[in-house]
Amino acid sequence: MELLDEARETIVTAFEQAEPWLPPELALAADRLRQDADRLAAADQLVSGYQASL
């Protein structure tokens, strides 16, 4: 029983001290998505402007 309690304590302590890990590619992907969204918004404005001029 003592070994089980010691193991449980070790696991809980490790869990409490854990920091989330995010891959470095995640920041690059988020930046790329923002760029793509900006480009799509610009394209939408151009199309809307063209349609308004027709």
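The model is predicted, so local features need pLDDT of at least 70 and side-chain atom pairs count only at pLDDT 80 or more, while totals for chains, interfaces and linings use all residues. Residues are numbered from 1 along each chain as its sequence is written, and side-chain values use heavy atoms, with hydrogens and water left out.

**Overall form**

- The protein chain contains two helices and zero strands (both are DSSP runs numbered from the N terminus: helices are H or I with at least four residues, strands are E with at least two).
- The radius of gyration of the protein chain is 25 Å, well over the 10 Å that the globule rule gives for 54 residues, so the chain is more spread out than a compact globule (the radius is taken over C-alpha atoms, and the rule is 2.2 Å times the number of residues to the power 0.38).
- Along its principal axes, the C-alpha trace of the protein chain spans about 80 × 20 × 10 Å.

**Surface and charge**

- Of the 54 residues in the protein chain, 0% are buried.
- The protein chain has an accessible surface of about 5400 Å², and 63% of this belongs to carbon and sulfur atoms (areas come from the Shrake-Rupley method with a 1.4 Å probe; for residues, only the protein chains shown count as cover).
- The protein chain carries 4 positive and 11 negative side chains, and the centres of the two sets lie 14 Å apart (Lys and Arg count as positive, Asp and Glu as negative; His and the chain ends are not counted).
- The place of each charge is taken as NZ of Lys, CZ of Arg, CG of Asp or CD of Glu.

**Helix α1**

- With 16 residues, α1 reaches 23 Å from its first C-alpha to its last, close to the 22 Å expected at 1.5 Å a residue (the expected span is 1.5 Å times one less than the number of residues).
- Within α1, Arg8 and Asp5 are three residues apart, about one turn of the helix.
- Arg8 and Asp5 form a salt bridge, with their closest N and O atoms 3.2 Å apart (a salt bridge is a side-chain nitrogen of Lys or Arg within 4 Å of a carboxyl oxygen of Asp or Glu).
- Arg8 is partly exposed at 45% relative accessible area, and Asp5 is partly exposed at 37%.

**The loop between the helices**

- Trp21 is found in the loop between α1 (2-17) and α2 (24-53).
- The relative accessible area of Trp21 is 68%, so this residue counts as exposed.
- Trp21 and Ala52 are 31 residues apart along the chain, and their C-alpha atoms are separated by 48 Å.

**Helix α2**

- The 30 residues of α2 should span 44 Å at 1.5 Å a residue, which agrees with the 45 Å between its end C-alpha atoms.
- Arg32 and Asp36 both lie in α2, four residues apart, about one turn of the helix.
- The side chains of Arg32 and Asp36 meet in a salt bridge at 3.3 Å, N to O, and the count of salt bridges by this rule comes to two.
- Asp36 is partly exposed, with 26% relative accessibility.
- Gln35 is found in helix α2 and is partly exposed at 39% relative accessible area.
- From C-alpha to C-alpha, Gln35 and Tyr50 are 23 Å apart in space, and they are 15 residues apart in sequence.

Technical notes
Buried means under 20% relative accessible area, exposed over 50%, partly exposed in between (1.4 Å probe, protein chains only).
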